[in-house]
Amino acid sequence: MTYTELTLLGVLIVVTLDLYVFRTKILKRKVFWASYSIVIFFQLVTNGILTGFGIVEYNGDAIIGSSTAQESPPAFIGDGRLVFAPIEDLLFGFCLVTLTLIIWVWLGRIGVQREPRSGPPRKSLERLLGTN
Amino acid sequence: MSKFAYLSVLLGCLMGTAWLELFLRTKVYRRTIRLILTILPVLVVFSIWDAYAIAQKHWTFDTRYVTGITTVANIPLDEILFFIVIPICAILSFEAVRSARNWYAGDEDSK
C-alpha cells in the first residue's frame with residue numbers, strides 16, 4: 001500500500017476505535033478539537049523542519065506529491081505538500097495524536113490514575129487564559 | 001546541522017511543552033503509569049507502520065542528521081523517540097486545555 005492509502009485506512013481505523021470500540025467519543029468533544037488545533041499548528045512547524053531540511057525524505061511513488069531531488073527542499077506549498085511535508089503527514093499526525101488521546105482517556109475511564117486531575121492553572125496565568 | 005538534528009527537534013518539542021506541566025498543572029508526567037500505558041501501544045503500532053514504510057521505501061532518513069543508531073526492523077532510534085515524545089506533547093496539550101477550560105473529556109467518571 002502507498003503512504004496515501006495507509007493514512008486513509010489509519011484515519012478510518014482511529015475513528016472506528018473512538019466511536020465504536022473504546023467508545024471514548026473524543027471526536028465529538030470540544031476539548032479534543034481545541035487541543036488538536038493547537039497540536040496541528042506545532043506539527044506544521046516541527047514537521048516543516050524535519051522535511052524542509054531533508055532530515056526525512058519521501059518517495060514520490062508513495063505520496064500524492066513527487067520525490068524531491070537531493071539537496072533541494074520540497075515545495076513549501078503545492079505538489080501535494082504543505083509547509084514542505086506531504087499532506088499525508090497531516091493524516092498520519094491525526095492518527096498518532098488521536099490514538100494517543102483515545103487510549104489516555106480510556107485508561108482514565110477504567111480508573112487508571114484518573115487523579116490527580118489537571119489544573120487549576122497557576123494564578124499568574126489567570127488573566128492570560130481568561131475566565132473558565 | 002549534525003547527527004543530532006532530528007533529536008534536537010524532539011528536544012524542542014519537550015521543552016516547548018514543559019511549561020504546561022508547570023504553569024497549567026497538567027499533571028501528566030506525574031501520572032506516570034497512565035502515561036506509560038498510553039505510550040506503549042502507540043509506540044508498538046506506529047513502529048510497525050514505520051518498519052513497513054522504511055521497508056517499502058516510503059520515506060528515508062538523511063544519515064547526516066540522525067544518530068545512526070538503529071533499532072528493530074531498521075527503525076532509527078530517533079523515530080522511536082518521536083513516537084514517545086509526540087504522544088507526550090499531545091497529552092500535555094489536551095490536559096492543558098482541560099486545565100484552562102474545564103471542558104468534559106469523558107474520563108471524569110466510570111462508564
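**Contact between chains A and B**

The contact takes 46 residues from chain A and 49 residues from chain B, two residues being in contact if their C-beta atoms, placed from the backbone, lie within 7 Å. This is a predicted model: local features need pLDDT of at least 70, side-chain atom pairs count only at pLDDT 80 or more, and totals for chains, interfaces and linings use all residues. Residues are numbered from 1 along each chain as its sequence is written, and chains are lettered from A in the order in which they are written.

**Chain B side**
- Two or more residues each come from α1 (5–23), α2 (32–55), β1 (59–61) and α3 (77–101) of chain B; helices (H or I, at least four residues) and strands (E, at least two) are DSSP runs, numbered from the N terminus.
- α3(B) gives the largest share, 12 residues.

**Helix α3(B)**
- Its 25 residues should span 36 Å at 1.5 Å a residue, and the end C-alpha atoms of α3(B) are 37 Å apart, which agrees; the expected span is 1.5 Å times one less than the number of residues.
- Of the 25 residues of α3(B), 20 are buried (20 or more other C-beta atoms within 10 Å of a residue's own, C-beta atoms being placed from the backbone).
- B:Asn102, with a positive phi near 60°, follows α3(B).

**Strands**
- β1 (residues 56–58) of chain A pairs with β1(B) in the antiparallel sense over 3 bridges; strands pair if DSSP finds at least two bridges between them.
- In β1(B), B:Trp59 stands opposite A:Tyr58.
- Chain A also has an open, antiparallel sheet of 3 strands in the order β2-β3-β4.

Conventions:
Buried ≥ 20, exposed ≤ 12 C-beta atoms within 10 Å, placed from the backbone.
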